[in-house]
Amino acid sequence: MKVLKIGNKDYVVKFTSKVIRELNVKGITLNTLLADMDQLKLDNLYDTFFFAIRDMNGIKSIDEALEVVDQFYEDSEDNDIEKFFMILLEEYANAMGLGKKFKEVMAQQKKKMK
């Protein structure tokens, strides 16, 4: 679980087992999100964010979640799509007990890019 301060409000990002199951039913997994990140495909990313903030923050629709995303980008010029993807990917991995492995994989990818 991670708390993001967006637009002077705290948003809890939490991947419960229910959320992970709902995402998997839609075909959204860590692997698909990683592939989407490489291609900057955003639909699954935004759906993932909606599911992760919905229950803990009273978000009722994808449109409300997208407003939060827009505010995230407006809050700081350091907030970009890569940072947004990484927050969600890391929290998703942590919820599945894969946080350490995820960090290792990401560190290896960064080394390859240098």
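Buried means under 20% relative accessible area, exposed over 50%, and partly exposed in between, with a 1.4 Å probe and protein chains only. The model is predicted: local features need pLDDT of at least 70, side-chain atom pairs count only at pLDDT 80 or more, and totals for chains, interfaces and linings use all residues. Residues are numbered from 1 along each chain as its sequence is written, and side-chain values use heavy atoms, with hydrogens and water left out.

**Exercise 1. Is Leu40 buried or exposed, and what is its phi?**

Step 1. Leu40 sits in the loop between helix 2 and helix 3. Helices (H or I, at least four residues) and strands (E, at least two) are DSSP runs, numbered from the N terminus.

Step 2. Apply the cut-off. Leu40 has 54% relative accessibility, so it counts as exposed.

Step 3. Read the backbone. Phi of Leu40 is near 50°, a positive value in a residue other than glycine.

Step 4. Check the distance to Ile81. Leu40 and Ile81 are 41 residues apart in sequence, and their C-alpha atoms are 8.3 Å apart in space.

**Exercise 2. Where does Asn8 lie, and is it buried or exposed?**

Step 1. Asn8 belongs to the loop between strand 1 (2-6) and strand 2 (9-13).

Step 2. Its relative accessibility is 74%, so Asn8 counts as exposed.

Step 3. Asn8 has a positive phi, near 65°, and is not a glycine.

**Exercise 3. Which residues of helix 1 are buried, and which helices do they pack against?**

Step 1. List the buried set. In helix 1 (residues 17-25), Val19, Ile20 and Leu23 are buried.

Step 2. Look down the axis. The buried residues of helix 1 fall within an arc of 100°, so they line one face of the helix. The arc is that of the directions from the helix axis to the C-beta atoms.

Step 3. Turn to the other side. There Ser17, Arg21 and Val25 are exposed.

Step 4. Find the partners. The buried residues of helix 1 pack against helix 3 (43-57) and helix 5 (81-95).

Step 5. Follow the chain onward. Gly27 comes after helix 1, with a positive phi near 85°.

**Exercise 4. What does the side chain of Arg54 make a polar contact with?**

Step 1. Arg54 is in helix 3. At 15% relative accessibility, Arg54 counts as buried.

Step 2. Gather its contacts (heavy atoms within 4.5 Å). Leaving aside neighbours within four places in sequence, Arg54 touches Lys18, Val19, Glu22 and Ile59.

Step 3. Pick out the polar pair. The Arg54 side chain makes a polar contact with the side chain of Glu22, at 2.7 Å. A polar contact is a pair of N or O atoms within 3.5 Å; within protein, one must be able to donate a hydrogen and the other to accept it, and residues adjacent in sequence count only if both atoms are side-chain atoms.

**Exercise 5. Which backbone oxygen does the side chain of Asn57 reach?**

Step 1. Asn57 is also found in helix 3. Its relative accessibility is 14%, so Asn57 counts as buried.

Step 2. Beyond neighbours within four places in sequence, Asn57 is in contact with Asp10, Tyr11 and Val12.

Step 3. The side chain of Asn57 reaches the backbone oxygen of Val12 at 2.7 Å.
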